[in-house]
Amino acid sequence: DSVRCVALEDDVACLGHASGTLILWDVVKGSQLRKVDDAFAVSVEKVEFCCRGASDRAVAAIDSSGVVNRIVFRQRVLGGSYLHEVECLLDAKSNVTPWLSVSSTYAAFSSTSASFVVAFAPSVRVAVTWPRPQSEVDNAVVSINDDGILIRAWGCDLDALNS
């Protein structure tokens with residue numbers, strides 16, 4: 001099962017696989033912390049760490065069908081094993097392109113008709129829906145920072161939005 005993407009935060013890596021599996025690894029010890037096989041049905045195309053707490057870590061990931069999920073990994077007490085929880089940020093009906101940008105507080109991605117900013121706190125919600133500009137190109141490249149500044153390149157258009 002080939003690795004399609006990887007994200008690294010401190011001494012932990014999250015690998016996305018062609019099967020749709022995500023695996024959380026301790027890169028120092030070389031040990032698997034958690035295997036997640038219930039988040040995606042098809043290949044994971046991009047994974048990024050986001051919104052970390054004292055005893056948990058989270059990633060946002062997108063698969064080849066356009067499903068965007070946030071997976072929260074919670075460590076049991078005293079360095080025990082990890083549990084996980086999957087939250088759907090966007091389903092495949094939105095025709096999302098496999099481009100994802102994540103900060104500690106936001107995730108940004110685009111479909112063929114709009115760009116979206118999802119806020120993680122105080123609860124997960126779509127904070128901004130930004131319609132597609134007039135363009136012959138069907139997808140956008142997006143980037144977002146912790147302050148909610150979204151940069152979007154769609155075809156020849158480059159736009160900025162403070163979400």
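## Close-up views of a predicted model

Arg70 is a buried residue, with a relative accessible area of 11%. That value comes from a predicted model, as do all the others in these legends.

**View 1. Arg70 and Glu87 form a salt bridge.** The closest N and O atoms of this pair are 2.5 Å apart. Arg70 belongs to strand E7 and Glu87 to strand E8, so their contact ties together parts that lie 17 residues apart in sequence. While you are looking at charged groups, there is also a network to find: Glu9, Asp11 and Arg57 are joined into one by salt bridges that share partners. The structure as a whole holds seven salt bridges.

**View 2. Strands E7 and E8 pair in the antiparallel sense.** Strand E7 covers residues 68–75, and eight bridges link it with E8. For a handy landmark, pick out Ile71, which stands opposite Val86 in E8.

**View 3. Strands E5, E6, E7 and E8 form an open sheet.** The four strands follow the order E5-E6-E7-E8, and their pairing is antiparallel. Which strands sit at the edges? They are E5 (44–50) and E8 (82–90), each of which pairs on one side only. From one strand to the next, the twist averages 25°.

**View 4. Asp56 and Arg74 form a salt bridge.** Here the closest N and O atoms come to 2.8 Å from each other. Asp56 lies in strand E6 (residues 56–63) and Arg74 in strand E7, so the pair ties together parts 18 residues apart in sequence. Are these two partners buried or exposed? Asp56 is buried, with a relative accessible area of 17%, whereas Arg74 is partly exposed at 39%.

**View 5. Arg4 and Glu45 meet through their side chains in a salt bridge.** The N to O distance is 2.9 Å. Arg4 comes from strand E1 (residues 3–9) and Glu45 from strand E5, so this pair ties together parts that are 41 residues apart in sequence. Arg4 is partly exposed, with a relative accessible area of 45%. Glu45 is partly exposed as well, with a value of 23%.

**View 6. Strand E11 is mostly covered.** Strand E11 spans residues 114–119, and six of its six residues are buried. Follow the side chains along the strand: Ala114, Phe116 and Val118 point one way, while Ser115, Val117 and Ala119 point the other way. Residues on both of these faces are buried.

**View 7. Strand E11 pairs with E10 and with E12.** Let us take the E10 side to begin with. Strand E10 (residues 106–111) runs antiparallel to E11, and five bridges join the two. Ser110 stands opposite Ser115 in E11, and a hairpin of two residues connects E10 to E11. Turning to the E12 side, six bridges join E11 to E12, again in an antiparallel arrangement. Phe116 has Thr129 of E12 as its bridge partner. The hairpin from E11 to E12 passes through five residues.

**View 8. Pro133 is found in the loop between strands E12 and E13.** The C-alpha atoms of Pro133 and Trp154 are separated by 7.5 Å, although the two residues are 21 apart along the chain.

**View 9. Leu8, Val27 and Val28 make a nonpolar surface patch.** The patch has an area of about 320 Å². Val28 sits in the loop between strand E3 (22–26) and strand E4 (31–36). With a relative accessible area of 67%, Val28 is exposed.

Technical notes: Residues are numbered from 1 along each chain as its sequence is written. This is a predicted model: local features need pLDDT of at least 70, side-chain atom pairs count only at pLDDT 80 or more; totals for chains, interfaces and linings use all residues. Side-chain values use heavy atoms; hydrogens and water are left out. Two strands pair if DSSP finds at least two bridges between them. Axes are lines fitted to C-alpha atoms, for helices over the stretch in contact, and angles run from 0 to 180 degrees between N-to-C directions. Buried means under 20% relative accessible area, exposed over 50%, partly exposed in between (1.4 Å probe, protein chains only). Patches are made of residues with over 30% relative accessible area and no salt bridge: like charges are joined within 9 Å, nonpolar side chains (Val, Leu, Ile, Met, Phe, Trp, Tyr) within 5 Å. Accessible areas come from the Shrake-Rupley method with a 1.4 Å probe; for residues, only the protein chains shown count as cover. A salt bridge is a side-chain nitrogen of Lys or Arg within 4 Å of a carboxyl oxygen of Asp or Glu.
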